Amino acid sequence: MDAEKPKRNWLLNWVEARVDLSAIRHFIDKKTVPQHRHSIWYYFGGMALFLFCVQVATGILLLLYYRPTSEAAFESVQFIITRVQFGWLIRNVHSWAANLMIGVLFVHMFSAFLMKAYRRPRELTWVSGVLLLGLSLGFGFSGYLLPWNELAFFATKVGTEIVNDVPLIGHWLLLFLRGGEEVTGATLTRFFGFHVAVLPMVTTALLALHLLLVQNQGMSRPPSVEKGAEPKRDMPFVPHFLLRDLLGWLVILGVLVSLAAFSPWELGTKADPFAPTPAGIQPEWYFLFAFEFLKLVPAEVLSFEGEFLAIAFLGAAGLFWILVPFLDRRAAAGLRSPLFTWIGVLAIAFVAGLTLVGWLRPTP
Amino acid sequence: MWPALFFCLVALLASGPAWGTTPNTCVSCHAELDDDEELVAPVRLMEQDIHSRHGFSCADCHGGDATSDDEDESMDEEKGFVGKPGKARVIEMCGKCHSDAAFISRYNPKLRVDQVALYHTSVHGQRLLEKGDKKVAACVDCHGSHGILPPTDPRSPVYAANVPQTCSRCHSDPIYMKEYNIPTDQYDKYRTSVHGRPLLEKGELGAPACNDCHGNHGATPPGVSSLTNVCGQCHPINNELVNQSPHYPAFAKLGIAACETCHSHHDIESPSDAMVGTEPPAVCIRCHHEDKWPKGWAGARAIRASLDSLSGQYRAAEALVRRAERAGMEVGDALFDLNEAAGSLTKTRSTLHSFNPGRVEEVQRGGMELAEKALQKAQAALDELEFRRKGLGLSLVVIAVLGVALFLKIRAVDREPPKK
Amino acid sequence: MPEPTAQHQPGPSSPLRRRFLNFILGSGTFALLGAVLYPVLRFILPPETSEAATSSVTAGQVGDLKPGAGKIFRFGNQPGLLVMTAGGQYKAFSAVCPHLQCTVQYRADMGQIWCACHNGMFNLNGQVVSGPPPKGLEEFKVDLRGDEIVVSRA
């Protein structure tokens, strides 16, 4: 490339003499990204990966000071943001990046859906992706409780209450999540374990699978482009696409630190399990659509308990969503599949619409 | 034989209430007089009475014979029977035991035995025993006659939080009190006062009730010269300061009581800085007219100015600390200093009772320093916030520069011919 | 984002411009790395008070107090009172009077703790001796760590 890297070549030679880097070389030389009018969506996967790395890094830093017990959790977060040098920055970046990551993940998922990237041979990529989104929501839910403040406590209480309505195993699920009948310090410790050990482990495994599949199979083109008359253009991943990726990540980094400095996350007051539930408790925005949906469904529908029906519907919808690659026969055959496009649009409208309703609902 | 004996025992035990170790004919008869509330009520009430709990019963106070079934025998005056005693007789009845130290110490060694003696010195006692006034309060009017509970029992009419209501039964009745020519608005005034509200609304026993200032059994309104001592029981510093101040000889000459002149006595309000100075509603200008007592007038003005500048400084410091706190900054140290400053403000307000502007200024200076410290710490916190924003600005510049360079690099790389 | 094109765009692509661009990129990356690593490194090094002072705090040094003297220290956000008894024992209490939350003080002349607001008196067990306070002062545990007097919640 350029003349100013003799050192790297020396280092590279030393490593290559011991380790076979041909796979990496091949990747750098050969990997391409399709270029078409929908290419912009390709950036969102890498963006989510970048944000995930930010989360891991800031999360590990927070671990140096955080204490996962109901007596000390709140105070330890307060300590971090007031006493530890740049603690405010690390904590706020962590909180904001979590939200941004989930937002980016939704965009990544819906764009992949609408581009039918799930079709054969990429079914497993899709399945692992949806599971990864579920894991991210788990990260969000478990992480939200960790500061042990009033809002988080009640949001967790309301959120975990819902699993009770799952048939047969509902109550055991509740006990499993809460570490008991009620939300207590035991819940906090358990959620901490999920957040820093269980979820990272499972996510790493699934993410590795997801990325390996993508590298192995290359990027998919939407059927419209695939079938189109124009010549297929590709952009080399290194350096063209990667540089653009980096620019995007840089912009997101700027957004993150700006949010941390100008719109810091409030800590609020310490959780008091004996205080009455404050009015207008809402979960985080990424659960809002499900929460609003549960509120919308009437208490009784045709002799079935409303909440049970709502959960059943959401569960069925989720299952459908994961199995889409196997259900969309037309896309699998490489044909246009307008039905599923409409299903995708409806899903987006459903999620976005209900989220908006929840957001705009006046807080008492 | 044994079954018959057993039966008799059961019958005996089942007859009538079980208090008192021996069967009590007073109780067994009076318990059946359901049609006359006045005669049957005592039986019910005595079940709670502290005297019953110690094994006393009807005859121990009323005399007579509690073992006889015969009405005339059991209520025989020759056996010492006293029916419903008159007020003076009540004092004697109660005093028979309650002034006997040796007797009382068999039941409650800590109980005082000077109530009757004190009562003799009280206004109630003097009117009853010297003028035969039967309208005044005697023992049973406050303590009850049957069902007497110790004063520490919240159900007792002489429990601290109940005392004002007990006194007001007579003292707030204008018809009853007509001939005495004293006001009947004390309870109404007290209820809204800084002492009355915590006691009556929150049961806060630290607040004084009527007896804390007027005495219990020796109930007498404190005289003009002793009023400050009474207030000084809980407010010793202010009392001491006033006694050392120029107001003391002045008030003594005028024959007015110190505390009461500015703070009044039953309707004592929570004091405010507005009470001090030369603008209404200050109390100083009631006497200190600008031309008549100019030195005092100037002093009042100076003291108020001192207070105002300290409370202003405190408020400014508090506002800044809260701002920094809301912005998420660490303000623990500042809050602590603010707490100390608040204490200093209270001390300054207390010191004004010396009516010495110089002394007030001295104490006030300490408070100003503390408030200043808190203000500076809050300002430091807000400066740190500014620093963070500047630091952010700088890193955004770095990001922007790098971003532009990256953008140009992308363009340059795009322009290069493809490698393959 | 600009599309890669086969045509050459008008504009200099001289080696100098390239070197300059790469220099900016390199130093920009360096600066960014520095801007990221600096806060991270400062974060990792613990602050002066190594933990939140809610459950224990250093109230002073041995030698700060003479026997029969007391001093106010900060415990969390509230004042605390450290007393050295005539016998040389350290005692610590919450200095917030349970009556109306004034700050109490140690009166060496009385050998007791006194609240100036309404004449409340407490003995050296924190118990109310006289006056309006409804209950005693919360007592804290005192330990010595070298020369430091460490006060913690009992």
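Chain C holds an open sheet of six strands in the order β1-β10-β9-β4-β3-β2, paired antiparallel. Strands are DSSP runs of E of at least two residues, helices are runs of H or I of at least four, and both are numbered from the N terminus. Two strands count as paired if DSSP finds at least two bridges between them. The model is predicted: local features need pLDDT of at least 70 and side-chain atom pairs pLDDT 80 or more, while totals for chains, interfaces and linings use all residues. Residues are numbered from 1 along each chain as its sequence is written, chains are lettered from A in the order in which they are written, and side-chain values use heavy atoms, without hydrogens and water.

The edges of the sheet are β1 (56-61) and β2 (69-75) of chain C. Each has a single partner strand, so one side of each lacks a neighbour in the sheet. From one strand to the next, the twist averages 30 degrees. Strands β9 (residues 139-145) and β10 (residues 148-153) of chain C run antiparallel and are joined by six bridges. Within this pair, Lys141(C) has Ser152(C) in β10(C) as its bridge partner.

Chain B reaches this sheet through helix α21 (residues 332-351). The helix lies across β2 and β3 (78-84) of chain C, at about 135 degrees to β2(C). Angles run from 0 to 180 degrees between N-to-C directions, and axes are lines fitted to C-alpha atoms, for helices over the stretch in contact. Contact means heavy atoms within 4.5 Å.

In total, 31 residues of chain C contact 29 residues of chain B. About 2600 Å² is buried between these chains, 65% of it from carbon and sulfur atoms. Buried area is the accessible area (1.4 Å probe) that two parts lose on being put together, summed over both. One salt bridge is found across this interface; the term requires a side-chain nitrogen of Lys or Arg within 4 Å of a carboxyl oxygen of Asp or Glu. Arg74(C) and Asp333(B) form a salt bridge at 2.1 Å, N to O.

Between chain C and chain A, 22 residues of chain C contact 25 of chain A. About 2000 Å² is buried there, with 66% on carbon and sulfur atoms. The salt bridge count is zero.

Within chain A, the axes of helices α6 (residues 123-145) and α7 (residues 150-162) come within 8 Å and cross at roughly 135 degrees. The residues in this contact comprise seven nonpolar, three polar and no charged. Among them, Phe141(A) and Tyr144(A) belong to α6(A), and Leu151(A) and Phe153(A) to α7(A). Ala, Val, Leu, Ile, Met, Phe, Trp, Tyr, Cys and Pro count as nonpolar, Asp, Glu, Lys and Arg as charged, and the others, Gly among them, as polar.
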